[in-house]
Each structure stands twice: as structure tokens, then as C-alpha cells.
Amino acid sequence: MSFISSIEDVGEYALLMKKVLTIPDRMSEFMKEFMKGIFFLGVNSIWIVVIISFFIGAVIVLQIALNIDSPMLPRFTVGMVSREIILLEFSSTIMCLILAGKVGSNVASEIGTMRITEQIDALDIMGVNSANYLIFPKIASFVAFMPVLVIFSMFTGLSGGYIICLVLGTPSVETYVYGIQAFFRESFIWYSIFKSMLFGFIIASVAAYFGYTAKGGALEVGQASTNSVVINSVLILVCDLVFTQLALG
């Protein structure tokens with residue numbers, strides 16, 4: 001039954017996205033909701049991205065410096081390996097897993113609350129495409145702001161490594177800076193940004209689906225929020241594997 005239920009959920013999600021991804025009836029209202037989404041989903045997430053990226057970047061450099069201690073490897077390897085980890089995986093995949101908890105639960109609970117208080121039913125009665133009106137601006141705003149969050153994460157992650165080198169001196173700051181510049185490939189940044197935008201779509205749309213289809217009361221809204229975080233985390237990891245194989249394999 002759970003397998004059949006999962007298949008039904010996929011079908012319902014696809015039908016919902018068909019209603020969501022249409023041209024808005026009133027572009028002025030869409031832009032208003034879009035800008036609200038930019039602020040509440042994007043700008044309000046910068047602080048957590050900066051804090052986590054800074055300390056994780058410092059820990060990555062510290063761990064690599066402690067474990068790569070061989071005369072066979074040049075010390076600038078620490079900076080180079082740290083750069084690859086931060087650019088390719090942390091600033092896109094791991095950060096999106098964190099945002100799935102913050103943004104995903106926010107979207108699911110907001111739309112779920114509107115569903116159980118019959119606000120969505122009222123929009124449908126008035127002839128409004130409630131799915132497009134409520135969900136599309138959130139998806140568009142979050143996907144559009146993802147590159148900004150990724151750039152912040154990359155910069156602060158590398159800065160965290162710089163600070164730890166400045167404090168401990170192993171490796172030296174000059175060696176670390178040389179390492180993050182050595183054999184640099186600009187395509188990795190675009191790869192990370194594109195991947196994060198894909199994950200941003202998954203986070204916002206899946207969370208909106210669970211909120212939009214919530215039934216019951218406050219307990220069910222909480223359950224929908226939890227389910228959205230769990231499913232988003234699984235989908236991000238699976239899509240990361242597939243996308244990495246297709247893009248870099």
C-alpha cells in the first residue's frame with residue numbers, strides 16, 4: 001500500500017506542478033509575491049548560510065591540514081582540496097540540505113495552514129488558480145535567489161579556511177591562497193550554481209505540495225512539514241548523484 005501511495009503522490013505532484021507552472025493571470029500580483037518570496041525565503045536565509053559556511057570551511061581546512069601531512073604532497077594541496085569540496089559539494093548540496101529544513105518547512109507550514117483554514121478553498125471558489133497564485137512565486141523567487149546564496153556560501157567557506165590558516169599558521173596563508181588558485185576551473189562554479197537552482201526548485205515545489213495537500217488540523221500541518229524535509233533530503237541526494245554523473249562523469 002505504501003508503494004501504491006507513493007506512486008499516487010508522484011502523480012498528484014505532477015498534476016499540481018501542471019497547475020503551478022502556468023502564466024500568472026495578474027503579473028502585478030505575481031511580482032508582489034515574488035519580491036516577498038525573495039525576502040522571506042532568500043534574504044532571511046543569508047545569515048544561516050554565512051554562519052554555517054564560515055565554520056564548516058574552517059573545519060574542512062583544519063581536517064585536511066591535519067590528515068594530509070606527507071612530504072610527498074605539497075602543502076598547497078590543503079587549499080586546493082578544500083576549494084574543490086566547498087565549490088563542488090558543500091555550497092550546493094550540503095547547503096541545500098540545510099535549506100530544505102529551513103525553507104522547506106516554512107513553505108509547507110505556511111501553505112498547509114492556509115489549506116486547513118480554508119483560505120485556499122476560498123481562492124478556488126472565487127475562480128483563482130490557487131496553486132499558481134500561492135506556489136509559483138515561491139518557487140520562482142527561491143530558485144532565482146539560490147545563486148546568491150551559493151556565492152555567499154563559497155566566499156564565506158573559503159574565508160573560514162583563510163581565518164583558520166591565519167590563526168594556526170598550518171598551512172601558511174600564502175600557501176593556502178596559492179592552493180585555492182591552483183588548477184582552478186571556472187566551470188565548477190557554474191556547475192554548483194546550476195545544481196543548486198535545481199535543488200531550489202525541488203525544495204520549494206515538494207514543500208509546497210505537502211502543504212497544499214495537507215488535511216486535518218495543526219498536527220497534520222506539522223506532519224506535512226516534517227515529511228517535506230525528509231523527502232526533500234532524499235531527493236536532493238539522489239539528484240546530486242545523477243546530476244554529478246551526467247555533468248562531470
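**View 1. Packing of helices H3 and H4 in a predicted model.** Helix H3 (residues 46–67) packs against helix H4 (residues 77–116) at an angle of about 145 degrees, and their axes lie 10 Å apart. Helices are DSSP runs (H or I, at least four residues), numbered from the N terminus. Axes are lines fitted to C-alpha atoms over the stretch in contact, with angles running from 0 to 180 degrees between N-to-C directions. Residues making the contact (heavy atoms within 4.5 Å) include Trp47, Ile52 and Ile60 of H3 and Val81, Phe90 and Lys102 of H4. By class, this contact has 17 nonpolar, three polar and one charged residues; nonpolar covers Ala, Val, Leu, Ile, Met, Phe, Trp, Tyr, Cys and Pro, charged covers Asp, Glu, Lys and Arg, and the others, Gly among them, are polar.

**View 2. Surroundings of isoleucine 151.** Isoleucine 151 sits in helix H6 (residues 130–168). Its relative accessible area is 42%, so isoleucine 151 is partly exposed (between buried, under 20%, and exposed, over 50%; 1.4 Å probe, protein chains only). Apart from neighbours within four places in sequence, isoleucine 151 contacts Ile189 and Ile193.

**Notes.** Residues are numbered from 1 along each chain as its sequence is written. The model is predicted, local features need pLDDT of at least 70, side-chain atom pairs count only at pLDDT 80 or more, totals for chains, interfaces and linings use all residues, and side-chain values use heavy atoms, leaving out hydrogens and water.

Definitions and conventions:
Helix = DSSP H or I, 4+ residues; strand = E, 2+ residues; numbered from the N terminus.
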